Amino acid sequence: MPPKTPQARRPDPSPATSVQTMGLAAVLTMLGAVVVARSRVRPSEEQLLDAARRVLSAVLPSDRPFAVQFWNGEELPAGVPDPTARLTLNSPESLGRMLNLPLDVALGESYLRGDFDIEGDFGAVVGLADTLNPQFTPAQVASLLRDVALLRRGVGTKPPKPLAQLHGEAHSRERDKQAVQAHYDVSNDFYKLWLDDRMVYSCAYFPTGTETLDAAQEAKLELICRKLRLQAGERLLDIGCGWGGLAIYAAQRYGVSVLGVTLSEAQLHEGRARVKAAGLEHLVTLELRDYRDVTGEFDKISSVGMAEHVGRCNMPEYFAAAYRVLKPGGLMMNHAIADGLGQARVPMVIQSGNFARRYVFPDGELLPIWETLKYADAALFEVRDVENLREHYARTTAQWARRLEAREDEALAALGEERYRLWRIYLNACGYYFSHGHLSIFQTLLAKPDERRQVPIPPSRADIYADGRV
């Protein structure tokens with residue numbers, strides 16, 4: 001799953017004067033210089049309300065598809081006849097906490113704490129970053145800076161960071177284990193609330209667009225097995241095996257022997273129970289092991305939703321480790337999220353892309369597809385096929401979000417409000433990012449040519465889609 005929000009592109013320069021092109025970026029970039037010390041007199045609630053009205057009226061697009069409701073019930077109407085969402089500020093402190101840099105982290109942390117709520121279409125609000133382009137005069141900039149400073153002064157004592165933090169050097173073995181367990185060891189029962197029956201926690205595949213989530217996840221597993229051209233009796237290494245969904249499916253349908261490795265103890269426990277229930281202990285072995293410690297030789301390798309945890313600095317080692325244990329003539333499926341199209345109007349000083357890296361997938365890092373292919377090529381893999389499935393992930397995360405929200409009471413009981421809110425905003429935001437191309441996901445088929453530099457695959461993809469099942 002997506003380890004971070006997409007990176008933002010810096011706006012193109014304009015021939016207009018710098019004052020004319022000063023927008024939201026300029027206002028918020030100067031925040032640090034104008035925030036008044038907290039020791040000064042706290043603004044009244046009426047002052048905060050007036051400042052919030054002025055800032056939002058000036059900054060938000062006039063045609064936005066959502067309304068804003070203040071903590072006193074007053075509403076700033078949407079700019080279209082049939083709005084699809086409502087953003088509610090829950091207290092006088094809310095907007096001041098939200099207006100901090102980097103903006104994506106401040107907004108995310110504010111949502112986790114309950115400073116604001118979103119009803120209806122999350123995408124209508126998340127998509128604001130794609131449409132912001134306010135133009136201010138010097139006088140308007142000065143007025144906004146005063147209002148923002150006042151709102152920031154009304155925040156009061158800085159609240160503690162939500163959720164746990166990691167320790168140690170990024171992408172060290174110990175910290176990688178902490179990062180994986182922070183996300184996946186939350187609760188198996190929690191994931192069962194909204195995943196499919198196989199507990200496949202990666203992009204599903206909707207070949208007709210009408211499939212249920214369970215059918216789409218089975219279609220995805222079948223697609224991976226076909227792309228790998230699995231044959232009975234082969235050995236498959238599944239890096240980041242999750243709860244064993246792909247390992248069990250490949251053993252059942254294709255008769256392969258599977259070693260699945262994970263760093264999540266909760267996943268390992270559940271996965272082993274599922275292997276036993278399926279009567280596949282003679283074919284499927286799941287272990288708590290770092291991918292760098294795998295030994296032996298395998299005909300095929302799958303890595304689904306795991307490369308996002310590796311980190312740019314470890315990508316050479318990741319592909320080298322896979323290449324080392326793959327037999328000559330073998331195939332590897334690398335299924336991973338990648339950076340997509342940037343959000344054109346929001347510079348990096350405003351949106352860092354680090355909220356998800358801090359709170360959803362700690363230390364997760366996305367690479368553009370060209371860079372992933374570069375590292376694979378450097379490890380001597382041959383790239384045989386690349387397919388972008390981002391529309392399928394938009395549909396997948398939308399279904400996950402609906403299923404989670406339908407079981408809100410159980411999720412709250414299992415995790416508490418802060419973690420429930422984290423998964424809710426994460427899944428809903430991902431739906432928007434994938435559907436609008438800010439995130440992509442690629443299935444990349446890699447080969448380790450044999451001594452004659454041959455790879456035993458058919459000359460076309462026809463065999464993959466022959467019977468119409470995928």
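1. In β3, Ala85 is the bridge partner of Phe66. Strand β1 (residues 66–69) and strand β3 (residues 85–89) run parallel and are joined by four bridges. Strands here are DSSP runs (E, at least two residues), as are helices (H or I, at least four), numbered from the N terminus; two strands pair if DSSP finds at least two bridges between them.

2. The model is predicted: local features need pLDDT of at least 70, side-chain atom pairs count only at pLDDT 80 or more, and totals for chains, interfaces and linings use all residues. Residues are numbered from 1 along each chain as its sequence is written, and side-chain values use heavy atoms, with hydrogens and water left out.

3. The order β2-β1-β3-β4 describes an open sheet of four strands with mixed pairing. Its edge strands, β2 (75–76) and β4 (116–120), each pair on one side only.

4. The protein chain has 19 helices and 11 strands.

5. Among contacts (heavy atoms within 4.5 Å) in the protein chain between residues at least 6 apart in sequence, 77% join residues at least 24 apart.

6. The lining of the second largest cavity comprises 16 nonpolar, nine polar and six charged residues. Ala, Val, Leu, Ile, Met, Phe, Trp, Tyr, Cys and Pro count as nonpolar, Asp, Glu, Lys and Arg as charged, and the others, Gly among them, as polar.
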